[in-house]
Every structure is written in structure tokens, then in C-alpha cells.
Amino acid sequence: KLLVFDDLMAITPCHINCIPTDCYVRDLRILFENPEKGLDLLDSMYSAAFKVIEKQFIGNEEWKHKILKNGKSHDAKSLEKHLISGLNFPPSQYWLHL
């Protein structure tokens, strides 16, 4: 239901996108039509994105050592509070992505 991928246009060492694949959400305004469903979608997108970050970035010892100061002493939970996530409007790809 969700696709998480590395943003090749990123300027940060860990910049990913997450998009829903079972529905078309052209921009964030659609989320307000049904706020409960919209929040559920955003929560699931965040969860899927964080799993990828946890496994493919934070879980990669070489990446962690190169990118993070004292990388070995950090785990996913301690780093999660430093993550920034958001939506842009209008969306740059004409598709809602987190």
C-alpha cells in the first residue's frame, strides 16, 4: 500500500519519500475531507518511512559510522526525535509524499 524510496535529488545523507500506492492523493487538502482517515494514512506513511530509515540507514553500521558522530552509540529510538518529516504544498510531483 506504500512505497518508500530514496530521494535522488536530496541534499542530506538520509532523505526518503513515502507515497501511497493504493490511492491517488494529489495534495494534502484531500486529507482534510476525512480527517480520521487522513491521519491514519499519515501515521502509516510515517511508520513505513521510519522502518526503512531504521533498517537501511541506522541499521547500516558503515553509514552510521560515516555520517553520525559517535555513530555506534546511537540507536533508532534515540535518533527518531531528530527526524524531520513533512508535506509540501503544492506537491512537487503532483502526488502527496511524506
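Student: What should I know about the model before I start?

Tutor: The model is predicted, so local features need pLDDT of at least 70, side-chain atom pairs count only at pLDDT 80 or more, and totals for chains, interfaces and linings use all residues. Residues are numbered from 1 along each chain as its sequence is written, and side-chain values use heavy atoms, with hydrogens and water left out.

Student: Which residues of α1 are buried?

Tutor: Buried means under 20% relative accessible area, exposed means over 50%, and partly exposed is in between, using a 1.4 Å probe and protein chains only. In α1 the buried set includes G38, L41, M45 and F50. The buried residues of this helix pack against β1 (2-6), β2, α2 (61-67) and α3 (76-80), where contact means heavy atoms within 4.5 Å.

Student: How are aromatic pairs read, and how many are there?

Tutor: A pair of aromatic rings is described by the distance of the centres and the angle of the planes. Rings of Phe, Tyr and Trp (its six-membered ring) pair if their centres lie within 6.5 Å; planes under 30 degrees apart are stacked, over 60 edge-to-face, and the rest tilted. The count here is 2. Y46 and F50 have ring centres 6.3 Å apart and planes at 5°, so they are stacked. Both lie in helix α1, 4 residues apart, about one turn. Y46 is partly exposed at 28%, while F50 is buried at 8%. F57 and W63 have centres 5.4 Å apart and planes at 80°, so that pair is edge-to-face. F57 is buried at 9%, and W63 is buried at 19%.

Student: What about charges: how many salt bridges are there?

Tutor: Side chains of opposite charge can pair when their charged atoms come close. A salt bridge is a side-chain nitrogen of Lys or Arg within 4 Å of a carboxyl oxygen of Asp or Glu. By that rule there are 3. R29 meets D27 at 2.7 Å, N to O; R29 is partly exposed at 49%, but D27 is buried at 5%. E61 and K64 pair at 3.8 Å, and both lie in helix α2, 3 residues apart. K77 and E80 pair at 3.1 Å, about one helical turn apart in α3.

Student: And D7: is it buried or exposed?

Tutor: D7 is buried yet has no salt bridge; the nearest side chain of opposite charge, K66, is 18 Å away. For that search, Lys and Arg count as positive and Asp and Glu as negative, with His and the chain ends not counted.

Student: Which side chain does D7 make a polar contact with?

Tutor: A polar contact is a pair of N or O atoms within 3.5 Å; within protein, one must be able to donate a hydrogen and the other to accept it, and residues adjacent in sequence count only if both atoms are side-chain atoms. D7, in the loop between β1 and β2, makes one with the side chain of N17 at 3.5 Å. N17 belongs to strand β2, residues 16-20, and is buried at 9%.

Key:
Helices (H or I, at least four residues) and strands (E, at least two) are DSSP runs, numbered from the N terminus.
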